[in-house]
Amino acid sequence: LPQSIFVSDDNEDVYDVPVSAIRRPLPSTLDEGKVTQFMKDIQDGQKLTPIEVMWVQTELGNYYFATGGCHRWAAHQRLKSETIPARLIKVPPSAMSMYMGASSPFNKDTAASAAARTHTPQ
């Protein structure tokens, strides 16, 4: 795993990840002013800092989780953007299970596993 999810090499790849594929396991408290400003910036063609997305690969498929970048994600979602620029941080299913506890889709015999399957990054 990277030393920090907050500090990254500027040469890291940025992917266009489908907004609909990203799960947000923690509820966000949004500052509507920030979301509105980000929406305007996106519409004006400004490039925002990519969000960081935890990417889990399993035999059932790919899963994407974001715990930060909530204002940028909300702005893209409200604008009905198909994708959002993201840096992918590959993590094992066990790390997400520890983080999410009983709500993890990676716990054995969890119906959410099939429901949470998503796309492969392009």
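This is a predicted model: local features need pLDDT of at least 70, side-chain atom pairs count only at pLDDT 80 or more; totals for chains, interfaces and linings use all residues.
Let me begin with His 76, which is buried, its relative accessible area being 10%.

His 76 sits in helix H2, and if we set aside its neighbours within four places in sequence, the residues in contact with His 76 are Val 19, Ile 42, Ser 81, Thr 83, Ile 84 and Pro 85.

Before going further into that helix, I would like to step back to the whole chain. The protein contains four helices and five strands, and, read from the N terminus on, these elements follow one another as β-β-α-β-β-α-β-α-α. Of the 122 residues in the protein, 37% are buried. If we look at the contacts with a separation of 6 or more, 78% of them are accounted for by residues 24 or more positions apart.

Now back to H2, and to its partner. Helix H1, which covers residues 32-43, and helix H2, which covers residues 70-78, have axes that come within 8 Å of each other and cross at roughly 60 degrees. With that angle, H1 is oblique to H2, and the crossing in which H1 passes H2 is right-handed. On the H1 side, the residues that take part are Glu 32, Lys 34, Val 35, Phe 38, Met 39 and Ile 42, and in H2 they meet His 71, Arg 72, Ala 74, Ala 75, His 76 and Arg 78. Sorted by class, this contact of H1 with H2 has six nonpolar, two polar and four charged residues.

The second residue I want to show you is Arg 24, which is found in the loop between strand E2 (22-23) and H1. Is Arg 24 buried or exposed? Arg 24 has a relative accessible area of 17%, and because buried means under 20%, Arg 24 counts as buried.

What does Arg 24 touch, once residues up to four places away in sequence are not counted? Its contacts are Ala 66, Thr 67, Gly 68, Gly 69, Cys 70 and Trp 73. Take Gly 68 from that list: Arg 24 and Gly 68 are 44 residues apart in sequence, while from C-alpha to C-alpha they are 8.7 Å apart in space. A polar atom of the Arg 24 side chain lies 3.1 Å from the backbone oxygen of Gly 68, and the side chain of Arg 24 also makes a polar contact, at 3.3 Å, with the side chain of Ser 28.

How values were computed: Residues are numbered from 1 along each chain as its sequence is written. Side-chain values use heavy atoms; hydrogens and water are left out. Axes are lines fitted to C-alpha atoms, for helices over the stretch in contact, and angles run from 0 to 180 degrees between N-to-C directions. Helices (H or I, at least four residues) and strands (E, at least two) are DSSP runs, numbered from the N terminus. Angles under 35 degrees count as roughly parallel, over 145 as roughly antiparallel, 65 to 115 as roughly perpendicular and the rest as oblique. A crossing is left-handed if the near helix is turned anticlockwise from the far one by less than a right angle, and right-handed if clockwise. Contact means heavy atoms within 4.5 Å. Ala, Val, Leu, Ile, Met, Phe, Trp, Tyr, Cys and Pro count as nonpolar, Asp, Glu, Lys and Arg as charged, and the others, Gly among them, as polar. Buried means under 20% relative accessible area, exposed over 50%, partly exposed in between (1.4 Å probe, protein chains only). A polar contact is a pair of N or O atoms within 3.5 Å; within protein, one must be able to donate a hydrogen and the other to accept it, and residues adjacent in sequence count only if both atoms are side-chain atoms.
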